[in-house]
Each structure stands twice: as C-alpha cells, then as structure tokens.
Amino acid sequence: MTVKLTKKVPTNIITGFLGVGKTTAILSLLKQKPENENWAVLVNEFGEVGVDGAFLSEQGALVKEVPGGCMCCVAGLPMAIGINALLAQNPDRLLIEPTGLGHPKDIIGKLLSEHYANYIELNATITLVDPRNFADARYTENQNFRDQLALADVVVANKTDLSSVDDIAAFDDYVASSEIPKQASGYVEQGQLNPDWLMLPRIDREAQFAHHHSHDDDEMPAFELAPGEKFRRKENKGQGYVSCGWVFEPNTLFPFDSLYGLFANLNAERVKAVMNTDDGMFAFNVVNQIVSVSPISLTGVESRAEVIDKKPLPWDELEEILLSFVMK
C-alpha cells in the first residue's frame, strides 16, 4: 500500500437491512460535516449497476462503489481497491455503507487487519433499523438482520414518523432486552443521525451466526456500458433475493411522469434509480411502493435503475416498458 497519511482516518460502518435508509442517513451526515473537511464514502450495493454513488457524489463526497453483491464476500480485491483509492485522497473521515443484505463481520475484520493498521481508526458501527420490521418474521428471523444488530455499537430507529406506538415499543423492548451492550440508541426521521455518534469507539464483539455465502463474480469490474452501447441489463441473486438493473447511455431521456407511475406500481421490495428525464435528472427511491424523488444536479451521466425482490419479476416485460418510455 503506497498511501501516505499523516494520521489514521476515522472510519465508521453504517449498516442496516434493505430499505432502512442508510444512504439517506449518510447524506444527512455529509450535510453536517465541518466545511473544511473532506469525507469519503465506500458504498456497496447488492445490485450490479450501482445507483447510490450518484446520490452521495451530489453532496461533494469522495465516493467509490463496490456493486454486485455483499461487500463482505468481495472483501478481497474490489473492496481493497476502493478503500485504497479513497485513502489515497487523504480524507478526514471514511464512511462505509454495506448492502442492506450484507453481513458486517468480515468487513470489520478486513478494516482491523494488519494491512490497514496504520491507516484506519475503526470507530463505532451504526446500525439503522425500521421499527416496523420487528413485527415481521422476514426480518426478525433473518440472520443478517439479527447480526447487523448484534454487531452495532449504536442502534438507531429510523423512519419513526412512519412507525406506530407499538412499533416504537417493539424497538424499545429490543434495546432493553438485548444482551449485547450498545453505546447509544436513538430515534430519528429521514436518517437525521447525530454526528457525535461517529466519534464513539468500537466495542469488540462476535456475530451470533456464522457468515457463509459466496459469489462467482467476486472480482468482476464495475458494470459499465461498452462504447456505442445504448443500454445494458444485468441480474444478480443471493441471500434469498434477486435483482435486475439497467444502465442507459447519458443522452437517453425518459418522461418523468411515466417513470414515477411505473415505479409506484412495481410490487418489489426495493427500487432505486437515477434517471435523466424531460424535467431534469432525478433520483427515485422506492420502498413498499412509496416513491421518494430528489433532483440531482449531475449532468452527462448514465441513467441507472435497479429492482430488488425476493423472487424474479417479469424482467423482459419491465425492460420493454422502460424502452417504450425512451423519448426520441
């Protein structure tokens, strides 16, 4: 490693299950950072196309993406390349966002390894949870969900504005009954994390479950269009979920209203997109068919869309619909 740093870079893992609002939380932290500091973000997505990086770059962060699966399973070359590239820019802080389907154990192990001993100061791991998930066995019986909580130094109830009194009580019961100590817990809306939580130290602890899954494409490069290619589609699967993503060349234009209607009616666990529309560039974030839209100031970039669900959807039909929207 040829990085020359004058001090170790404070580093935090921001984790949580699919759709809990990790990227929104990191955006909030970036807006609160000291003006004289440069922060870096390593973001990992389950899907192949990589959407979140555009959101984070919008806030001026140094961003590297590791798409195509759980970063803990690609904790070799792709993760190391991303971390090294960010450290080479001498950031004042490094935030790492694993996929919501990922397991933080091996990422923690990588960051604590001798390879990064002189470069990274690993602080508290912050785990976000949607309190509504405690009433859903799909989450409470999921090993990754449980280990994300077990490895948390700070556990945060996000989306409390959408949660009922019973949901909040379920979160409180978890915190009170957990045998694993937490340094802090909190209740937030729209991912408004307290930046002071980043300063808390990491506590050494073990995951409850062994982590074992693998991908055949661990060292595949980032998903990109070939020269002259109009669009490309790629699928991924693992940990009981499947994804399908599309990348469209930068001059491809979509009607905003048609995209919004499509995403709102897609019965999928998660939809993320950054799309060039007739009204400008927009980020679409969809959880449980509730669509959030944010304008993006980036120009000349590819449109990207990713759909994640428990089972394969009619991808060919969805692709036909997207292509039928393309404005001539």
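A pocket, on a 1 Å grid over the protein atoms alone, is an open set of points where a 1.4 Å probe fits, with protein on both sides within 12 Å along at least five of seven lines; lining residues have an atom within 4 Å of a point. Grid points are joined across faces, edges and corners, and a volume is the space filled by probe spheres set on the points.

This is a predicted model, where local features need pLDDT of at least 70, side-chain atom pairs count only at pLDDT 80 or more, and totals for chains, interfaces and linings use all residues. Residues are numbered from 1 along each chain as its sequence is written, and side-chain values use heavy atoms, with hydrogens and water left out.

The largest pocket, then, holds about 780 Å³ of space. Its lining has 30 residues, and those nearest the centre are Thr 24, Gln 190, Asn 285, Ser 292 and Ser 294. By type, the lining has ten nonpolar residues, 14 polar and six charged. Here nonpolar covers Ala, Val, Leu, Ile, Met, Phe, Trp, Tyr, Cys and Pro, charged covers Asp, Glu, Lys and Arg, and the others, Gly among them, are polar.

Which strand gives the largest share of the lining? Strand β13 does, with six residues. Helices (H or I, at least four residues) and strands (E, at least two) are DSSP runs, numbered from the N terminus.

Strand β13 also belongs to an open sheet of six strands, ordered β9-β10-β14-β11-β12-β13, with antiparallel pairing. Two strands pair if DSSP finds at least two bridges between them. β9 (231–238) and β13 (290–296) are at the edges with a single partner strand each, so one side of each has no neighbour in the sheet. From one strand to the next, the twist averages 15°.

Axes are lines fitted to C-alpha atoms, for helices over the stretch in contact, and angles run from 0 to 180 degrees between N-to-C directions.

Back to Gln 190, in the loop between β8 (184–187) and β9. Gln 190 is not a glycine, yet has a positive phi of about 55°. Is Gln 190 buried or exposed? Gln 190 is exposed, because its relative accessible area is 51% and exposed means over 50% (buried is under 20%, partly exposed in between, with a 1.4 Å probe and protein chains only).
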